[in-house]
Every structure is written in C-alpha cells, then in structure tokens.
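Dear colleague,

Please look through the sequence and the model first, and then read the notes below.

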Amino acid sequence: YKPLLTSTAAAFYFDCLHNYSNIWTFEKCRFQISKKLLFLFNVFFDVNQSGEIDVKDFELAIERVCQLRGWAKGTPKNQETHSVMLEIWEGLRSKADKDNDGQVSVEEWCNMWDAYAKDPSTVMDWQNKYMNFMFDLEDASNDGGIDASEFALVCSSYGLEKKECELAFKKMARGQDEVSREQFASLWEEYFSSEDPCAPGNFIFGKTSF
C-alpha cells in the first residue's frame with residue numbers, strides 16, 4: 001500500500017485549502033461592503049441615474065429635500081440646504097474625483113470608501129457633514145432623536161418601500177424608540193466598515209438586504 005499523499009504533501013495541501021478559504025472569506029466580506037456602497041451610490045447619490053455622481057445630482061437632491069420638508073425658495077432652511085449640500089459635493093469631488101473630470105465614477109466612489117473602511121479614523125470633513133445633514137433631515141421634530149416615522153419618511157422619499165424602511169429602523173434601533181446623534185454616528189461608521197451582514201449599522205439608509 002502506498003499513500004496517495006505523503007505527510008509533507010498532505011500538510012501542504014491542507015494549508016493551501018486553508019489559505020484559499022481565508023481568501024474566499026475575505027472576498028466575501030469585501031463583497032458585503034461593496035454591495036452597501038453600490039446601493040448608496042445608486043439610490044442616494046446618483047439621483048439622475050446617469051452612472052456617475054456630479055453636481056447635477058446634488059442639485060436634484062436639494063430640490064427633493066426642500067420639497068419634502070416644505071422649504072420654499074428664499075427661506076433660510078432652503079438656502080442652508082443649498083449651502084451645505086454643495087459643500088458636501090465639493091468635498092466629495094475633491095477626494096474621490098481622481099481624474100478631475102467633474103464626476104465621481106463607481107470605481108472612484110468605492111476606492112474612497114475602501115480607504116475609510118480600512119481606517120475609520122481618517123473620516124473626511126464632507127463625510128461628517130453629510131452624516132450630520134442626514135441626521136438633521138430625519139430629525140424633523142428637532143428633538144435630538146430620530147424615530148421610526150421620521151426615518152421612514154426620508155428614506156422612502158428616495159424610492160424605498162416605507163414598510164421596508166420601518167423594518168430597517170427596528171433593526172437599526174435594536175428595540176429603542178429613537179436613535180440619538182451619537183448612536184447615529186456609531187451606526188454610520190458601522191455601515192461603511194463592518195463586514196457583518198447583520199450589523200445594525202447596515203440598515204441606516206432604510207434597506208434591509210443587499
């Protein structure tokens with residue numbers, strides 16, 4: 001009888017299998033984050049569905065937000081929304097638009113967030129502005145917390161089903177009636193960096209599955 005594999009060959013074979021499994025697990029985890037990034041790109045940023053993000057998308061988003069909140073042209077909230085959103089666009093463009101064509105492609109978008117996922121302490125100013133803008137937009141009562149109805153109203157305005165948004169809030173809030181700004185910031189970081197498909201932060205934009 002002659003063994004099919006010597007002990008050395010067998011050890012090498014199983015080591016290869018282990019390494020392949022680790023690589024596959026890593027790619028699967030990265031795929032989970034990539035799906036979240038593509039969802040955000042397509043639904044919340046590429047408003048005109050052109051396949052790129054540019055200033056026109058932000059202008060449309062401003063119009064949508066002001067209409068949702070009833071902030072008429074010339075009012076302080078309308079002007080503030082214009083100012084903040086265009087600052088966010090300029091920050092995004094300066095960090096992600098590597099070929100300086102005035103647009104952010106899917107590849108540029110994912111590369112930017114990939115760097116953040118590797119080190120969340122490198123958060124950029126525009127990212128913080130966008131996070132706080134979204135919290136303030138959802139906190140319609142201005143009481144320092146977001147409840148399910150406030151959350152669902154904003155997320156569903158981007159084309160998501162209201163019932164799914166309400167379910168997403170339950171998963172995100174983990175049984176609480178409201179989410180504070182501090183909790184929102186923690187969930188936000190989790191959305192962009194967590195590889196866990198069940199992480200509460202995954203639901204911060206109203207989607208329950210990717």
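**Helix 5 and its surroundings**

In this predicted model, the buried residues of helix 5 are W126, Q127, Y130, M131, F133, M134, F135, L137 and E138. Helix 5 itself covers residues 125-138, which makes 14 residues, and from its first C-alpha to its last it reaches 20 Å, close to the 20 Å expected at 1.5 Å a residue.

As for annotation, an unreviewed UniProt entry lists "domain: EF-hand" for residues 95-119 and 126-161. In the model, the span 95-119 is 60% helix and 0% strand, with its end C-alpha atoms lying 16 Å apart. The span 126-161, for its part, is 61% helix and 8% strand, and there the end C-alpha atoms are 28 Å apart.

Is N202 buried or exposed? Because its relative accessibility is 0%, and buried means under 20%, N202 counts as buried. The side chain of N202 also reaches the backbone oxygen of D196, at a distance of 2.9 Å.

Finally, a word on cysteines: the structure holds 0 disulfides. A disulfide is a covalent bond that joins the sulfur atoms of two cysteines. C110 counts as buried, since its relative accessibility is 18%, whereas C198, with a relative accessible area of 59%, is exposed.

Definitions and conventions:
Residues are numbered from 1 along each chain as its sequence is written. This is a predicted model: local features need pLDDT of at least 70, side-chain atom pairs count only at pLDDT 80 or more; totals for chains, interfaces and linings use all residues. Side-chain values use heavy atoms; hydrogens and water are left out. UniProt positions are given in the numbering used here, feature names are shortened, and annotations may be inferred rather than shown by experiment. Helices (H or I, at least four residues) and strands (E, at least two) are DSSP runs, numbered from the N terminus. Buried means under 20% relative accessible area, exposed over 50%, partly exposed in between (1.4 Å probe, protein chains only). A polar contact is a pair of N or O atoms within 3.5 Å; within protein, one must be able to donate a hydrogen and the other to accept it, and residues adjacent in sequence count only if both atoms are side-chain atoms. The expected span of a helix is 1.5 Å times one less than its number of residues. A disulfide is a pair of cysteine sulfur atoms within 2.5 Å.
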